[in-house]
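This report describes selected features of a protein model. Please consult the sequence and structure shown below while reading.

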Amino acid sequence: MKDAYTIAFYDVVKDSQAKSGMELPHHIEAYIVMLLSDFVDRNDIPPDSTFAEMFLTIKNSRQAKELGDTCLFVAGAFPTLKARHGINRRYYQDIGSTSYEMASAMNEELFPVLAKHFVFLSEFIELTVNSSKLQNYNLFR
């Protein structure tokens, strides 16, 4: 089933780029497609711990990457998650971009770019998950 998700998200991400006029570098496009397809079936969003608790307990680059991924997904797909508790999208963006900076040792070409462009990428993901084309796949909402 994961292959079907990857194909669907690749199609939708390409469509979002065409409609918005925003062109993602290939490696960033591939990362966004894989991120979205990985999170479709996850049932740990939101996580049991707060994002701040997870951030403060990061011990290695892998944990930093995982938190960055979760924050990017939430900031893009569910930007109003916890808004009624006073937590806004910027909270996830700040923790996520800093987490990706901490993960830079894993991939010095990818994670610094994700950190630097985190806000843009979360907004691109929001555009993608709200795409009418994605609604046809009925993956998230």
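Predicted model: local features only at pLDDT ≥ 70, side-chain atom pairs only at ≥ 80, totals over all residues.

The side chain of E66 forms a salt bridge with that of R62, at 3.5 Å from N to O. R62 counts as exposed, at 51% relative accessibility.

## The largest pocket

E66 is also one of the residues that line the largest pocket. This pocket has a volume of about 240 Å³.

Sorted by class, the lining contains 4 nonpolar, 3 polar and 4 charged residues.

## Salt bridges in other helices

The whole structure holds 6 salt bridges. One of them joins the side chains of K19 and D15, at 3.3 Å from N to O. These residues are 4 residues apart in helix α1 (residues 2-20), and therefore about one helical turn separates them. K19 is exposed, with a relative accessible area of 59%, whereas D15 counts as buried at 16%.

In helix α5 (residues 89-102), D94 and R90 are likewise 4 residues apart, which means a separation of about one helical turn. Their side chains meet in a salt bridge of 2.9 Å, N to O. D94 counts as partly exposed at 36% relative accessibility, and R90 counts as partly exposed at 43%.

Methods. Residues numbered from 1 in each chain as written. Heavy atoms only, no water. 1 Å grid on protein atoms, 1.4 Å probe; cavity = no way out; pocket = protein on both sides within 12 Å on 5 of 7 lines; lining within 4 Å. Points joined across faces, edges and corners; volume = space filled by probe spheres on them. Nonpolar A, V, L, I, M, F, W, Y, C, P; charged D, E, K, R; others polar. Salt bridge = Lys/Arg side-chain N within 4 Å of Asp/Glu carboxyl O. Helix = DSSP H or I, 4+ residues; strand = E, 2+ residues; numbered from the N terminus. Buried < 20%, exposed > 50% of the residue type's maximum accessible area, 1.4 Å probe, protein only.
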